[in-house]
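Please look over the sequence and the structure shown below before reading on. The report that follows takes up a few local features, one after another.

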Amino acid sequence: MYNAYSLKTLGNLPVKIASIEAYDDILFIGTKQGHLFMYRVADGDDLQLLRYKKYLCKKSITGLNAVKDYNILLAQSDGSLTLYDIDLSLTNFPVIADLKENTRTPSLWSGHYLHSNSNGSNSHKLREEMNLPDVPKAMSWCGDTLVLAFRFGEPYQFVKISDHESKLIPTQILTSTQLDPLIFVIKDQSKFALVQDEHTHFLNFDGTTCPDTLTWLKTPFDMVYDSPFYIATNSDCLDIMTEAPSLLGAYIWHLIHIFGYFQCFPSPLKSLLCLKRNTFELAICLCNNLDDPTDESKTIQLVKTLYGLDLLVQKNLFPGILPPTLRVQFILPEEITSMEESDILSGLPAFKDYLLNFRNKMIALTSKKLLLNLHPLIEGIPVLKSKKKIMMIIDTSLLMCYLKKQEALVNSLLRLKDNNCHIEETEIALTKAKKYESLIIFYNSKGLHRKSLELLKTLVASEDSNLLKNIQDIVIYLQGLGSAYLELIFEFAEDIIRSNPDEGIDIFIEDVCEVENLPRREVYDFLVQLNSKCAIKYLEHIIKAWKETSIYFHNQLVSQYTKLLQDPNFSEYYNELKTNLYEHLKTSQHYEPKDLIFQFPKHSLHEERAILLGRNGQHKDALFTYLYVLKDLPKALLYCSDMKNNSTYSHLIHLLLNPPEKQSPILDETNVSPFEYELSDILSILQTYVKQIDVKIIIQNLPDQVPLASIKKNLQIGKGLTHSEFLRVQRKRVLCESYKIEMSDLHICSICKKRFNAGNTFVRVPEDLSIVHYSCQEKKKQYSQDSVFSSHPSKHTYVELSHISCFY
C-alpha cells in the first residue's frame with residue numbers, strides 16, 4: 001500500500017499546547033499560559049524559533065488563524081480577537097487591531113480590506129458589523145463569501161457579503177451533531193468543506209452543493225486539505241483520503257503522542273509509480289504539485305505513458321485490435337493477461353476518445369509539417385517514428401472499436417480519403433463481421449476498385465438473400481469510377497451489357513460528371529461491338545441530353561438507324577426506329593448528308609432519303625422522290641415551303657408538267673411504277689403559288705393543247721406576265737446604261753463628217769455604236785432609234801449613257 005505521508009515527531013515543548021496554525025514551513029503554537037511561538041520547520045526533525053511572545057494574552061490562546069496573503073494572524077483569547085502582523089521582516093508581533101466581542105449582541109467581524117498608502121505601507125480596514133441571529137459555532141470565509149454554523153442539527157448558513165446588504169441563506173446540509181461544527185475552505189477548487197457526522201460535503205462559492213462526498217471512519221474533529229489529500233483527525237487516529245480519483249481508501253496512523261506535535265511529510269512520487277497495482281491517476285494529480293514546471297510536464301508524460309502501458313499489460317485492453325504484423329514489433333515488460341468482455345466494452349468509449357484525440361493531433365502535426373516527439377514506453381526500446389505507421393495503428397484500432405461498440409460509425413471512418421486502416425486486417429475484420437458494404441466502401445477509398453467489383457460480383461451471384469446485392473449495385477459503382485479506370489469499366493460492363501443490356505447501358509448514360517466525362521468515341525466503339533441497340537441509346541443520350549455536336553456521332557446515329565431498319569431481327573422495333581430516324585434527320589443540324597446518301601437503300605426509306613437529298617441541295621431529286629416515288633403531292637408542297645427557296649416551286653412545276661418515262665432508270669431503282677398528275681391539280685398549284693414560279697418555265701412546259709388565252713384567264717397570270725416584261729425591259733435598260741463614251745471636239749459625225757461642237761445634239765446608233773448628229777439620223781433610216789443625248793461637251797468629257805439622256 002502506498003503511504004501518502006510519513007509521520008514524524010518534531011519534539012516535545014515545555015508548555016501545554018492550546019492551539020496550532022501553520023502555512024508553508026511556518027508553524028504557530030498558542031499555549032494555555034497565553035504564550036505565542038513562531039517556528040520554521042527545518043529539514044529533518046528540527047524546529048527553528050523565529051519569534052516568541054510571552055504572555056501575548058492573559059489567558060489561554062484558544063484559536064489561531066493565519067492569513068498568508070496579508071501576513072496577518074488572528075488570535076482568539078477570552079472572548080476577544082487580536083490582529084497581529086507576522087511579516088518576517090518585522091520583529092515580535094505588532095498589534096494591528098484589538099477587537100472586543102459583545103456577548104449580549106452576537107456579531108461577526110467577517111473580514112477586512114487591504115489598502116496601499118502613498119508611502120507604500122499597508123493598512124487594514126475592518127468591515128462594518130453584521131448582525132446574526134445567534135452566536136456562530138464555526139465559520140469560514142473566502143473573498144466575499146461566508147459559511148456559518150450555529151447550533152448542532154441546524155443547517156449551515158451561506159452568505160454573500162456586499163456593501164449594501166448581506167443576507168443569510170440556509171443550505172441543504174445540516175450541521176454536525178457534535179458540539180463543535182467544522183468548516184474549512186478549499187481555495188484552489190473554489191468550494192467549502194462542511195462536516196456532517198462521518199460525512200464531508202462540499203459547497204461551491206455560489207451556494208450550490210457538489211455531488212461528491214467523503215465518508216470517514218469516525219466523525220473528524222479537525223480537517224485540512226493538502227492537494228490532492230484530505231487529512232482529518234478524530235479521537236484516536238489520523239485519516240487521509242482523496243476525493244477524486246478515490247484510489248487510496250483510508251490511510252490511518254494511530255496517534256501515540258497525544259500532546260506532542262507531528263508533521264506529515266509527503267512520500268516520494270517514485271514510490272507510488274513502483275507499486276505493483278499502480279495508481280497512476282493519483283500520481284498524475286500529485287504531479288501538479290511539483291515545484292519545477294519542466295519536471296512537472298515530464299513527470300506527467302511519464303506517468304501517462306506508464307498508465308497506458310499498464311492498461312495494456314495488466315488488463316489486456318482491447319485484445320486483437322492491433323494487427324499481428326505490428327504487434328510483434330512492440331516489446332512489453334510483462335506478459336499480457338486476459339480481461340473480461342464486459343470490462344473491454346466499458347473501456348472502449350474512453351479508448352475511442354483517446355484515439356480520436358491522438359488522430360487529430362497527428363493530422364495537425366502533418367498539416368503544419370511539424371516533427372513528432374514521442375517517448376519510449378521502456379528505456380532503451382526504439383520509438384516508432386513513422387507517422388504513416390502511427391496513423392495506421394490509430395485508424396485500425398479505431399475501426400476495431402467501432403466494430404465492437406458503434407457499428408454506425410464504421411462507414412464514416414472508411415469513407416475518409418485519408419484513412420490509414422491496415423488493409424489485410426481491415427479485410428479480415430470486416431469479412432468476419434459480414435460487413436460487406438463497409439468493405440466495399442473501404443476498397444473504394446483505397447482505390448482497390450477491382451477487389452470491390454469482384455466482391456460485388458460474388459455477392460450478386462450468391463444465393464444468400466441477406467446480402468441484398470444486385471446488378472444495379474455494380475452499375476452504380478462503375479458509374480463513379482471515371483475515365484482513369486476506363487479499361488476496368490469496360491471489363492466489368494461487358495458481361496452486364498451482354499446479359500442485361502437495359503441495365504448495362506446505364507453505366508454510360510447516367511447524368512453524373514464521371515460518366516459524362518468518359519471518352520465518348522471509345523465508349524461508342526465499345527458499345528457498338530457488343531450491342532447495336534445500346535450503341536443507339538448511347539448516341540441518342542449524348543446528342544439530346546449532353547448536346548453533343550460532333551458530326552461523327554450524328555452521322556453514326558443515322559447509320560445505326562439505317563442498319564437496324566434493314567435487319568429483320570429488329571422488325572418489332574421498325575416503326576420506333578423509323579420515327580426516331582425521321583426526327584433526327586429533320587431536327588439535327590450536325591450530320592453530313594453527302595456521306596450518308598449512298599448508305600441509304602434505294603428500295604425503302606424514301607422519305608428519309610428525300611430529307612438527305614434536300615439537305616445536300618439536291619432539291620429536284622428530293623421533289624422527284626416525293627412526287628413519283630412516294631406519290632405524295634402535299635409533302636412535296638410542304639418540302640417547298642420548308643426550303644424557303646422559290647426555285648423549289650419552279651422545280652415542282654417542271655416535274656409535274658414533265659412526268660418521268662415509263663422506263664425511267666430512277667423508277668427502276670426505286671422499284672415503283674410511273675405516275676402522272678391531273679392537269680387541274682397542276683393549274684391549281686400555279687394559281688396558288690404564281691408569285692414563286694418563273695412564268696417562262698410555265699410557258700415552256702405547258703402542253704400544246706392548252707390555249708394561252710385560257711391559261712391567262714384561268715390562271716390569272718396577266719399581272720405576272722406584265723411584271724415579267726417589265727423586268728425584261730429593266731434588264732435591257734441597265735445593259736444599255738452600262739456603256740460609256742468619251743466625247744471631245746475631235747469626234748466627227750459618221751454621216752456628215754463634221755465635228756461635234758458645243759450645243760450640238762447627238763445620237764448613238766445601237767447597232768454599230770456610232771455617234772451622229774441628231775439632224776443626220778434621218779439620213780440613216782436603216783438604223784433603229786435607241787438613245788438620244790443632248791450635251792455641251794468639253795474636252796475629254798465622259799458620259800454614262802442611259803436609255804434617253806442628254807447632257808450640256
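Does Tyr739 count as buried, partly exposed or exposed, and why? The model is a predicted one, and in it Tyr739 counts as partly exposed because its relative accessibility is 41%, a value that falls between the 20% and 50% cut-offs. Tyr739 is placed in the loop that runs between helix H28 (718-737) and strand S27 (740-743), and together with Leu735 and Leu769 it makes a nonpolar surface patch of about 300 Å².

## Two loop residues with positive phi

Asn71 is not a glycine, and yet its phi is positive, at about 55 degrees. This residue belongs to the loop between strand S6 (63-67) and strand S7 (72-77), and with 28% relative accessibility it counts as partly exposed.

Lys631 likewise has a positive phi of about 55 degrees without being a glycine. Its loop lies between helix H21 (619-629) and helix H22 (633-643), and Lys631 is partly exposed, its relative accessible area being 33%.

## An open sheet of four strands

Four strands form an open sheet in the order S18-S19-S20-S21, and their pairing is antiparallel. Strand S18 (183-186) and strand S21 (209-215) stand at the edges, where each has a single partner strand, so one side of each is left without a neighbour in the sheet. On average, neighbouring strands of this sheet are turned by 25 degrees against each other, direction ignored.

The pairing of S18 with strand S19 (residues 191-196) is antiparallel and extends over four bridges, and Ile183 stands opposite Leu194 in S19.

In one of them, the side chains of Asp395 and Arg359 meet at 2.6 Å, N to O, which links Asp395 in helix H6 (residues 387-404) with Arg359 in helix H5 (residues 341-367), 36 residues apart.

Another salt bridge joins the side chains of Glu427 and Lys451 at 3.1 Å, N to O, linking helix H8 (residues 423-432), which holds Glu427, with helix H10 (residues 449-461), which holds Lys451, across 24 residues. Glu427 counts as buried because its relative accessibility is 16%, whereas Lys451, with a relative accessible area of 38%, is partly exposed.

Methods
Residues numbered from 1 in each chain as written. Predicted model: local features only at pLDDT ≥ 70, side-chain atom pairs only at ≥ 80, totals over all residues. Heavy atoms only, no water. Patch = residues over 30% accessible without salt bridge, like charges linked within 9 Å, V, L, I, M, F, W, Y side chains within 5 Å. Areas by Shrake-Rupley, 256 points an atom, 1.4 Å probe, with all protein chains shown as cover. Salt bridge = Lys/Arg side-chain N within 4 Å of Asp/Glu carboxyl O. Buried < 20%, exposed > 50% of the residue type's maximum accessible area, 1.4 Å probe, protein only. Pairing = 2+ DSSP bridges. Axes fitted to C-alpha atoms, helices over the stretch in contact; angles between N-to-C directions.
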